Amino acid sequence: MTDLPYEKSEKIDLSDEPIHWDLGASLTYGGYLQLSKLLDAQKPLSYQHDEMMFIIVHQTSELWLRLFLHELDAVLECVRRDDLDPSFKMLTRITHVQTQLTAVWDVLATMTPADYSAFRNLLGRSSGFQSLQYRILEFRLGNKNAEMIAVHQHDPAGYEVLARALAAPSLYDEVLRLLSRRGYGIPEDYLSRDFSAPYRSSKAVAGAWLGVYHNAEKDWDLYELAERLVDLDHKFQLWRCHHMTTVERIIGYKRGTGGSGGVSYLAKAIELRFFPELWQIRTAM
């Protein structure tokens, strides 16, 4: 039998590829990414198949939160020095990170109530409610609630980091300071307020944002920043909503392992806006 004319080898020809087969003392892929540590960090407490997925989903989310905070801190620096152009790339990257964070709920949602119940009791009081990075992120974005840091008292270093984030101006606080420096009328008590207190929306701040939109041609970068902030807020709401429905699908209305009401607690968070006036003025435009 002769070979058919369309048959060819399934092996890739590497003869013309200058592969470095002998790495010698060079830095390796696994070494650079610390893969021996990263891939040894999954320690299931049970023999249940789905627990490995549960761990990886949450660890992956923490890595994405790490990148979110890295980019957000750089955005804050751009706003402080009134150099907004570089921040737009960072804010675009943040929206893609948010897409990844939301997508992990689709993976978690493949777990049934029975799957989770098989190992849930082994988790004790551990809960995503205790995520240090997530709480820092919310504080950076402006959702300030001093009560939230109490759960981190067992970790003095983490508690101190959270206390500093609570007291520091949020991204929105810094943006309002920038608007004031650019000549938009932000009330003085919004520029030097107690930044650890929850933000209260203001008609004067809404009026300033309307001014930005009406002067978009002159202050294009402020207009673009406003729209990027709306994107961020919008995607955060999608993440919260997907989180809530995934939890409802898996545990119904059971109380969370961290002590919260579970779905009822997550439903409250959906009502929050980081940048409220940017939503309020849309009716007036």
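R182 is partly exposed, with a relative accessible area of 24%. Here, partly exposed covers the range between buried (under 20% relative accessible area) and exposed (over 50%), using a 1.4 Å probe and protein chains only. Salt bridges that share partners link R182 with D82, K218, D219 and D221 in one network.

The model is predicted: local features need pLDDT of at least 70, side-chain atom pairs count only at pLDDT 80 or more, and totals for chains, interfaces and linings use all residues. Residues are numbered from 1 along each chain as its sequence is written, and side-chain values use heavy atoms, with hydrogens and water left out.

A salt bridge is a side-chain nitrogen of Lys or Arg within 4 Å of a carboxyl oxygen of Asp or Glu. By this rule there are 17 salt bridges. Three of them are listed below.

| Pair | N to O distance |
|---|---|
| R81 and D83 | 3.5 Å |
| E138 and R135 | 3.3 Å |
| D219 and R182 | 3.6 Å |

D219 is buried, at 7% relative accessibility.

E138 and R135 are three residues apart in helix α6 (residues 132–141), which separates them by about one helical turn. Helices are DSSP runs (H or I, at least four residues), numbered from the N terminus. Both E138 and R135 are buried.

R81 is partly exposed, with a relative accessible area of 49%.

Technical notes: Helices (H or I, at least four residues) and strands (E, at least two) are DSSP runs, numbered from the N terminus.
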